[in-house]
Amino acid sequence: MITATFIKSIVDLTGLPQDDKPQIAMVGRSNVGKSSMINSLTRRNKLARVSSEPGRTQTLNIYNVDENFYLIDLPGYGYAKTSKSNRAYFAEIISDYLGTTKQLKLVLLIIDARIPFSDLDGEMIAWLQKYNVPFVIVMNKIDKVSAKDTAALHALLEERYPGVERIEHSSSTGKNRDKVWSTITGVIQSDEQS
Ligand code: GTP
Ligand code: MG
């Protein structure tokens, strides 16, 4: 049993927790299911706000898990309908967060397995690699994808990012919830030992 609580939403990085607990961040395009995944992982249906409209999460939302680490829900990128200045602000806050947060121990890069892998995701991976942030790729909404298309997406990602861990996941069915948790707890435990 895990206990997760919402701490706060912030619009600039000075509001980040200042203690040395590890932070695990959810990153991905708008509408891929970041907020839903927080609810699924924590088994709290209404912890994070979910919407069928893209662009729902416009702040960094911080959750405390078991008083042990933080889950950070970042705004989605690539939301076409937002203003240019808004897009630039999101890009800046996300890159600042990734580049400057010492306590960031793992990023879950979430993609929607139904839609083609986008250049924006490629740029995000380039940032993660540049800043040396450990990450895994979560192939979300896998409940909506055929076995054939799933295999094709694995093949494409393996070719572009060989060796990067990929987890097929669905917040609707709970598929691989445990696998995501064990990846997170593995990172937390090795951090405690270092
Ligand atoms: P932004 O906050 O706009 O960046 O979106 P988000 O990434 O937080 O997405 P959100 O969790 O709000 O989910 C977007 C939509 O996808 C909602 O309608 C969810 O119900 C749906 N959704 C999320 N995860 C899954 C999944 O695993 N399977 C299916 N079928 N639908 C999902
Ligand atoms: Mg969201």
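Q: In this predicted model, how many of the residues of strand 6 are buried?
A: Strand 6 covers residues 135-140. On one side stand Phe135, Ile137 and Met139, and on the other Val136, Val138 and Asn140. A residue counts as buried when its relative accessible area is under 20%. By that cut-off, the number of buried residues in strand 6 is six of six.

Q: Which strand is joined to strand 6, and in which sense do the two run?
A: The partner of strand 6 is made up of residues 104-112, and six bridges join the pair. Within this pairing, Ile110 stands opposite Val138 of strand 6. The partner is strand 5, and the two strands run parallel.

Q: Where do the side residues of strand 3 lie, buried or exposed?
A: Strand 3 comprises residues 60-65. One side carries Leu60, Ile62 and Asn64, while the other carries Asn61, Tyr63 and Val65. Both faces of strand 3 are covered, and these residues are all buried.

Q: Which residue of strand 3 stands opposite Phe6?
A: Strand 1, residues 4-10, pairs with strand 3. The pairing is antiparallel and extends over six bridges. Phe6 stands opposite a residue of strand 3, namely Tyr63.

Q: In strand 4, what is the bridge partner of Tyr63?
A: Strand 3 also pairs with strand 4, in the antiparallel sense and over five bridges. For Tyr63, the bridge partner in strand 4 is Leu71.

Q: Which residue in the turn between strand 3 and strand 4 has a positive phi?
A: Strand 3 and strand 4 form a hairpin, with three residues between them. In the turn, one residue has a positive phi of about 50 degrees. That residue is Asp66.

Q: How many residues of strand 4 are buried?
A: Strand 4 spans residues 69-73 and is mostly covered. Phe69, Leu71 and Asp73 point one way, whereas Tyr70 and Ile72 point the other way. The buried residues of strand 4 number five of five.

Q: What is the bridge partner of Ala25 in strand 4?
A: Strand 2, residues 23-28, pairs with strand 4. This pairing is in the parallel sense and includes four bridges. The partner of Ala25 in strand 4 is Ile72.

Q: What is the phi of Asn31, and where is this residue found?
A: Most residues other than glycine have a negative phi. Asn31 is not a glycine, yet its phi is positive, at about 80 degrees. Asn31 is partly exposed, with a relative accessible area of 29%. Its place is the loop between strand 2 and helix 1 (34-42).

Q: What is the relative accessible area of Asn176?
A: Asn176 is found in the loop between strand 7 (166-168) and helix 5 (177-193). Its phi is near 60 degrees, a positive value in a residue other than glycine. Asn176 is partly exposed, with a value of 25%.

Q: Why can the protein be said to agree with the compact globule rule?
A: The C-alpha trace spans about 45 × 40 × 35 Å along its principal axes. A compact globule of 194 residues would have a radius of gyration near 16 Å. The protein agrees because its own radius of gyration is 16 Å.

Q: What percentage of contacts between residues at least 6 apart in sequence join residues at least 24 apart?
A: Of the 194 residues, 51% count as buried. Contacts here are heavy atoms within 4.5 Å. Among those between residues at least 6 apart in sequence, the share joining residues at least 24 apart is 73%.

Q: How far apart are the mean positions of the positive and negative charges?
A: The accessible surface comes to about 9900 Å², and 49% of it belongs to carbon and sulfur atoms. The protein has 24 positive and 22 negative charges. The distance between their mean positions is 6 Å.

Conventions. Residues are numbered from 1 along each chain as its sequence is written. Chains are lettered from A and ligands numbered from 1 in the order in which they are written. This is a predicted model: local features need pLDDT of at least 70, side-chain atom pairs count only at pLDDT 80 or more; totals for chains, interfaces and linings use all residues. Side-chain values use heavy atoms; hydrogens and water are left out. The radius of gyration is taken over C-alpha atoms; the globule rule is 2.2 Å times the number of residues to the power 0.38. Buried means under 20% relative accessible area, exposed over 50%, partly exposed in between (1.4 Å probe, protein chains only). Accessible areas come from the Shrake-Rupley method with a 1.4 Å probe; for residues, only the protein chains shown count as cover. Lys and Arg count as positive and Asp and Glu as negative; His and the chain ends are not counted. The place of a charge is taken as NZ of Lys, CZ of Arg, CG of Asp or CD of Glu. Two strands pair if DSSP finds at least two bridges between them.
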